[in-house]
Amino acid sequence: MMWPLTPALPLELWPLAATPAGREMDALFLVELAISVFMVLLIFGTIFLFAIKYRRRSPLERPRPIRGGLALETTWSVIPLLVFLGFFFWGAKIYFANAAPPKDAMQIYVIGKQWMWYVQHPTGQREINELHVPAGRDVQLIITSQDVIHSFFIPAFRIKKDAVPGMYSTEWFHATAPGSYHLFCAQYCGTSHSGMIGTVVVLKEADYQQWLAGGRGESMAVAGGKLYQKYGCDNCHGRICPTLARLYMQERPLSDGRIVRADEAYLRESILDPGAKVIAGYPNVMPSFRGVLSELEVLQLIAYIRSLGTPALAGEGEGIGAGQGTGTAAGIAAPDARTQQGNQNAYPPDSNPHTMQGERSSEVQKREGGEVRDKQ
Amino acid sequence: MGASIEPLVERTTNYLNAEHSVKSWLLTTDHKRIALLYLVSITLMFALGGVFAMLIRIELITPQGDLLSSDSYNRAFSMHGIIMIFFFLVPSIPATLGNFLVPMMVGARDLAFPRINLLSWYLYITAAAVMLYVMVTGGVDTGWTFYAPFSSLFSNGRVTLTVVAVFIAGFSSILTGLNFIVTIHTMRAPGMTWGRLPLFLWAHYATAVIMVLATPVLAIAMLMLGLEHVFHIGIFDPALGGDPILFQHLFWFYSHPAVYIMILPGMGVVSELIACFSRKRIFGYSFVAFASLAIAILSFLVWGHHMFVSGQSVYAGLVFSILSFLVAVPSAIKVFNWTATMYKGSISFDTPMLYALGFIGLFTMGGLTGVMLATLGVDVHVHDTYFVIAHFHYIMVGGAVMAYMGGLHFWWPKISGHMYPEIWGRISATIIFLGFNLTFFPQFIAGYLGMPRRYHAYPPEFQVYNVLSSAGASILAVGYLMPLIYFFWSIRYGLRAPDNPWAATGLEWKTASPPPTENFEYPPVVLEEAYHYSDEEAPIA
Amino acid sequence: MPEAAASPFHSRLKHQYETLAQQHHADTLGMWLFLATEVLFFGGVITAYVLYRAAYSTAFQHASLTLDIVSGTLMTVVLLGSSLTMAMAVHAAQLGHRRALAVFLILTIVLGLAFLGIKGNEYYHKWEDHHIPGPGFVWSGTDGRAAQLFLYFYFVLTGLHAVHMIIGVAIMGMLLVQTALGRVRNYVVEMSGLYWHFVDIVWIFLFPLLYLVDRHK
């Protein structure tokens, strides 16, 4: 565990902010702090003043009642409300920006487990309790947990996101200042919760390239491809089951009439709980790989599937929307790993993947003699 | 200030000496005796929770985990939270001052359901006994928030027994709230219209509504967590198709309104104290009354602000954030009205007033940091850090406990028939105020710097703040010990209290100190507003 | 037979109240508040159930089909009948007809016990089929995890309901004893009636939620 990571001040009062988003958050906080200090001084001061000026001088005093007015009450209700609304909008703006990673952000996978952080770069590097990133680039973290809820907290970047088992959550940052920064687990997770800490190392681009060059394992997509072969996935997929080519982020019709988008959460669910969502026109025959694959292996398979391309996505919205591929209670626990990702290895998208899919499914249906079910 | 004069006529029988047997105390249905039973029990639980706090603060003096093992520390902070919240703060003012005063303030002989009141205390005692058993057989290490799947699948503490204890304590709370609502609705004395209710009663009414409606959801959350812990069905386990975040929603649906259960009664006390020690009616009475109701209603709509980084949808975050700002407005209204009450008043600085003024200051600070936490962008940084711990201790200790102390001192003459020593009262109030700030203000800084909650060991750069905080905690402990000692002392040696030592309005001051068992010699009739300090007939010190 | 003022059926004025009217008002408000807490109590579980039902609609439908619709309908009819006899009992109490009150209380108890008997039989069958969630759970289908969740909610919801029924039957039993001894207060019968009707209404929610999941499909 590496301890002293911030500049050696005799007494640290303000944490370093290493990202522009973090600095904006600091600005908002300082405004709130200033207004709070003002209000506290105003109240304290007024009370102090009244306490002195109106102190009891005789036990026989009988002050006259002061009738309040709607005007005064309204004023001192509406003004704080307006100030609060200002805080709300600014805070919401920062929060939304935090929740919407840029399309071309570099993605790194984080798996929390009792009591360490496992960091996996798509290009193959693995780290434990450390995260090396380049300065000046957008970095997106895709986070999950293998056991209990943890939280990936980088104070210097002013970001934090819970690592929840069973779903992917995401946060992103754009670090500008090279340096080493604290990494903490911020959600109590058992015995060694306070030991689940590490370092985020921001390197200048050149240094980062150098770091990448040393100790590179195989990329996640390659590892995923090996798993795909090992578990015989291509015995079905591409034959009697839907092909995985250009599957990532495609809209898929389900047997019960719903349409889902094949994002990370959907892919994960399809691997671990295939019966939850069955593609229209296909039988529910895929076995579950829960207990067979680790969280890391699931992520590698997802990386592999992503490397097989995405369909054309003209006119899609931004990366915030209701989660669809969840194995959990819908609506409330929707994961937020639903962002649009550019994919470096995308094949040229087909012009109309939906027609292809529909044709194929009715083909399958006709072959099997069943009814063609319309999608809603 | 209440000068002590020997009475011309001795009224010998009051609720304290009416009967002396143990059975008459343990099977009492007199709301005043039940209030004292609660007073003793929650003081013991407060002391126990305080012991755990001392363990935490002593451990945190050094960055390394050296005093306690990790598991012991985790149990220490869990026990501290569970005991302080469920066994001290939630019952505190309602079960002691509320039980004692609600019937008296409406002019009734007792609460609507005296035997249910006694049942409520026995439920509390049972739950406390289970919790004590948990403590001596290993404790629980889940934190008072019991997040799944840690508490359902991974903890090896006494989770099942703890949720049983909390479940039972919840019913104690529900019955108290039910009793208050029915009493205030149906047992007001002739002339006591809603518009003449003391604000203490408005606050307790709002609190009771929350107790009655929110606590059952806690009961369900605990029941389901307990079943999950024992049977591993999967309701909160993603590997079995469950959702850990569902637990958070169920838990916080109660636990956010619960924090208003903890603060609203304190606000009610402060209204009484400010009015009495400024000798003026509360400025904006109806606004303060409705603010209590508004807080109670809005409190049910903001629970998701504990979950901004949990992975819930950003749109849910937006809704919860704006509602959380909204719920801050009625609290601000109250602070402004209390301050305005002092304008052109006649202010004296007896001990209860010192606590009330301390409340206003510290609650304002705590509340404004709550506004910071409601701000989505900021919360992402300070969530689950010491900033949050400092925020809620400002409200609960700087607010609720100070109000409780102020109320205890104010009504002590009525409860015991004796005056506490005023000098020591003022000294301990000052020590508590200073000790409190030294304990918790540095935690704001440590939190913003990034020190997470529930950390047994921490990076050395946070040490300065932790040392300051622990130093403050020892001062605070001294401050709390002093009233314990002098309240006991006053029972034996304190000056005899007259009926109305503070020259306060309110029906409870129109009867003897201590009151007879039936509260009033004759059923009271109310002819004036709640804080009629300016009337010709107002009491004079 | 003319009844004296302090005779059975009329409540005794408790010491904290000024008038009987005030006491009855307080008792009624208290009972309604208690029922409100029960709404929140059951409401919490039902909300969790609805969320999971939305997430696993197919599996929940399959699992719901394993519930015996005949038993469920029978239980509903029995419980509605018991509410009728309860209402008649309250009516008899208000009119001071002791014998009628006793008869209707007995009928209510019998119907309540019948409900519990049918439910116990259902539980027994579920145990036989190894459908009780936990280590012994056996499911013939691929959606076993979600089916187990359905059955968990089934047992928690109907189990909590059954506990409330047992308490209700016990209360009716006490009222019956009091009636026989000539010491029953009609107001207490009314309050107990409110409770009984509430437990019935909970079942009216549980029956379609649990037994009628997409049965038409």
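## A tour of strands, helices and chain contacts

Start by selecting strand β4 (residues 130–134) and strand β10 (residues 198–203) in chain A: they pair in the parallel sense over 5 bridges. Two strands pair if DSSP finds at least two bridges between them. Helices (H or I, at least four residues) and strands (E, at least two) are DSSP runs, numbered from the N terminus. This is a predicted model: local features need pLDDT of at least 70, side-chain atom pairs count only at pLDDT 80 or more, and totals for chains, interfaces and linings use all residues. Residues are numbered from 1 along each chain as its sequence is written, while chains are lettered from A and ligands numbered from 1 in the order in which they are written.

**Stop 1: around β10(A)**

Click A:His132. Its bridge partner in β10(A) is A:Val201. Which residue of β10(A) is the bridge partner of A:Ser180? It is A:Val201.

**Stop 2: the open sheet**

Select β3, β2, β1, β5 and β8 of chain A. These 5 strands form an open sheet in the order β3-β2-β1-β5-β8, with mixed pairing. Find the edge strands, β3 (126–128) and β8 (169–174), each of which pairs on one side only. Neighbouring strands of this sheet are turned by 25° against each other on average, direction ignored. (Angles run from 0 to 180 degrees between N-to-C directions, and axes are lines fitted to C-alpha atoms, for helices over the stretch in contact.)

Zoom in on β2 (residues 116–120) of chain A. 3 bridges join β2(A) to β3(A), and the two run antiparallel. Here A:Val119 stands opposite A:Glu127 of β3(A).

**Stop 3: where chain A touches chain B**

Show chains A and B together. How many residues does each chain give to the contact? Chain A gives 87 residues and chain B gives 82 residues. (Two residues are in contact if their C-beta atoms, placed from the backbone, lie within 7 Å.) On the chain A side, the elements that give two or more residues are α1 (20–53), α2 (70–99), β6 (150–154), β7 (159–163) and β9 (179–185). α2(A) gives the most, with 17 residues. By class, this side of chain A divides into 53 nonpolar, 19 polar and 15 charged residues. (Ala, Val, Leu, Ile, Met, Phe, Trp, Tyr, Cys and Pro count as nonpolar, Asp, Glu, Lys and Arg as charged, and the others, Gly among them, as polar.)

**Stop 4: where chain C touches chain B**

Switch to chains B and C. This contact takes 26 residues from chain C and 28 residues from chain B. On the side of chain C, α1 (20–55) and α5 (144–180) are the elements that give two or more residues. α1(C) gives the most, with 15 residues. That side of chain C has 16 nonpolar, 9 polar and 1 charged residues.

**Stop 5: confidence in chain A**

Chain A averages 79, and 80% of the residues score at least 70. Where is confidence lowest and where highest in chain A? Helix α7 (residues 353–368) is lowest, at a mean of 36, and β6(A) is highest, at 96. Where pLDDT is low, the predicted coordinates should not be read in detail.

Conventions: pLDDT = per-residue confidence, 0-100.
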